[in-house]
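The sequence and structure come first, and the notes follow by topic.

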Amino acid sequence: MERDDDRPWSRTAPSQRWDYIVIGSGMGGMTTAAILAKLGKRVLVLERHYVPGGFTHSFKRKRWHWDVGVHAIGEVTEKALLGRILGDLTGGRLKWASLGAEYEHFHYPDGFDISFPDNRRQYKENLYEAFPDEREAIDRYFSEVRHAVSAMWGYYASRVLPEGLATALSPLTLRASSRYTDRTLRSVLDEITTNPRLKVVLAGQWGYYGSPPSQGSFAIHASVVHHFLHGAYYPVGGAGNIARTMLRTVADAGGWTRIRAEVDHILIEDGAAVGVRMKDGEEIRADRVVSAANARVTVSQLVPPEARPAEWAAAVNAMPPSPAHVCLYMGFEGDITKAGAGAANQWFWETWDTELTAWDFTDSDSLPPLLYTSYPSLKDPSHDPGPSMLHTGEIVTFVPYESFAKWRGSAWMKRGPEYEALKDDLTARMLKLFFKHRPGLEPMLRHAELSTPLTTEHFANPAAGAIYGVVSTPDRYRNPWLRPRTPIRNLFLSGCDVGSAGVMGAFAGGLLSAVAAEPTAALRYLRPLAMPSRR
Ligand SMILES: Cc1cc2nc3c(=O)[nH]c(=O)nc-3n(C[C@H](O)[C@H](O)[C@H](O)COP(=O)(O)OP(=O)(O)OC[C@H]3O[C@@H](n4cnc5c(N)ncnc54)[C@H](O)[C@@H]3O)c2cc1C
């Protein structure tokens, strides 16, 4: 059975007994699979889509390529622990390009703009300059972020322990972290300052985890701020290179990735996971199963009802999904840098009310409260625009999932004229607002295609089209079952729901899952990577 060097996956896999089956090839699944492969385990990754990578996959239309869930990723260099582990798991084959000294620009109403730079000192300077009377509050904010991030080590350590032991040790392990996990971002900001605009700016990056300040835990906010303190990066060659390099590590160790391979359910015998049954009825056996297909999907779709421990299922299902989104994928012809496009992401807020989670587009005159815009082709140093100067852009905004629910169950690309008309209408309204901010790009636009929460469900199968798995509220951190070990023997969870939101959050979930499954060997593998190399 042959696999391409550049595409270490195939539609078939050898029929043999595997040490581990990993369901889902998102960042979480790939990470767990690559570590287990490094530990000498025979791993089979099963992915329902025809392209691996989950939200890190790329796709092509006409002459343009886009990524889905990769706009900015932090902590990928040798200086960061996660970056060193990622470097090892990708065999040094995955390269990263910085989005620049300023990786993000925020634009608020009344012409208030602020940039987020790639170092803490400049970040503070930018804030001092914008809010000269708030130096003390800004210093206190950074101090809270630093303390929260160091306190979270205890939390993640407790997550790899079996549930009973974790509960018994929680007065010790969670003593420091609960001060941050239990509070919302809003409550911390209210303690720090009374300046409403400073609060909005400090909360600016909540879009990277999807829970607005009154709901999101300060712990997730601090993790995201810390994640980007040394800038943001983009995978050279596009996000598809993440799967190419991670799954190569799995293949090199004798493992396999099967695409177009949808798991119907996990086989459970005598209270233990023993393999999976595919949608076509095929059974594949393994000593252990890791589900990286999102916690809610695992509980409600993959574990058969009769084998589902009630307390576990209730606890996981009690967690609401993070928001759904629409994304407008744009293809340009021309020099878009002359019209205000750049490698840095640009956030356009139309309101100072950043509690607004989703665009209620039922009012036909309404425009999105937020446009998160990004130009992947300008981030990628290997992108060749060619003589026609081909470039790409993306606009993301949150929408209520319920507004699309009536088309659930219809087939992709065949959802009917009413749905297509809605997409055209939303596209027109998003472009109207976008061109208000970037008028020079209008004559260069050649292609625009909208994805909806149903597109997201079709390709990646998250619950309710969620962009970041379950919500990142204080309840998430108190939930005893968002952990890699499940009450079913030999069944583990991986991905963003047991780590954190975002690509590196899912990567962390993948690591925790491997450590929970193979504690001694995984820690032996990870220990040398804990210290920065002296090379
Ligand atoms: C529009 C958008 C923009 C984003 N931007 C950023 C960003 O800039 N930076 C950042 O860090 N994060 C970003 N994210 C978030 C980030 O991409 C995700 O949090 C992360 O990639 C999730 O990884 P995961 O492995 O947990 O899940 P997923 O990537 O969702 O992987 C789950 C996989 O399981 C597969 N699966 C599900 N059910 C089955 C089944 N029955 N059988 C087989 N396979 C199955 C799915 O097909 C999928 O491949 C963005 C997300 C989106 C959608």
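**Ligand shell and overall fold**

Helix α17 is the element that contributes most to the shell around the ligand, giving 4 residues. The model is predicted.

**Shell around the ligand**

- The ligand is surrounded by 42 residues, and the closest of them are Gly24, Gly26, Gly54, Gly69 and Gly495.
- Two or more residues of this shell come from each of α1 (27-38), β13 (324-333) and α17 (503-517).
- Among these elements, α17 is the one with the most shell residues, namely 4.
- Sorted by class, the shell consists of 23 nonpolar, 16 polar and 3 charged residues.
- Domain 1 (18-95 + 234-319 + 471-530) and domain 3 (324-463) each supply at least three residues to the shell around the ligand.

**Chain as a whole**

- The chain has 18 helices and 18 strands.
- The radius of gyration of the chain is 22 Å, close to the 24 Å given by the globule rule for 535 residues, so the chain is as compact as a globular protein of that length.
- The C-alpha trace spans about 65 × 55 × 50 Å along its principal axes.

**Burial and contacts**

- Buried residues make up 50% of the 535 residues in the chain.
- Of the contacts between residues at least 6 apart in sequence, 73% join residues at least 24 apart.

Technical notes: Residues numbered from 1 in each chain as written. Predicted model: local features only at pLDDT ≥ 70, side-chain atom pairs only at ≥ 80, totals over all residues. Near = placed C-beta within 6 Å. Nonpolar A, V, L, I, M, F, W, Y, C, P; charged D, E, K, R; others polar. Domains from an automatic or database assignment. Rg over C-alpha atoms; globule rule 2.2 N^0.38 Å. Buried ≥ 20, exposed ≤ 12 C-beta atoms within 10 Å, placed from the backbone. Contact = placed C-beta atoms within 7 Å.
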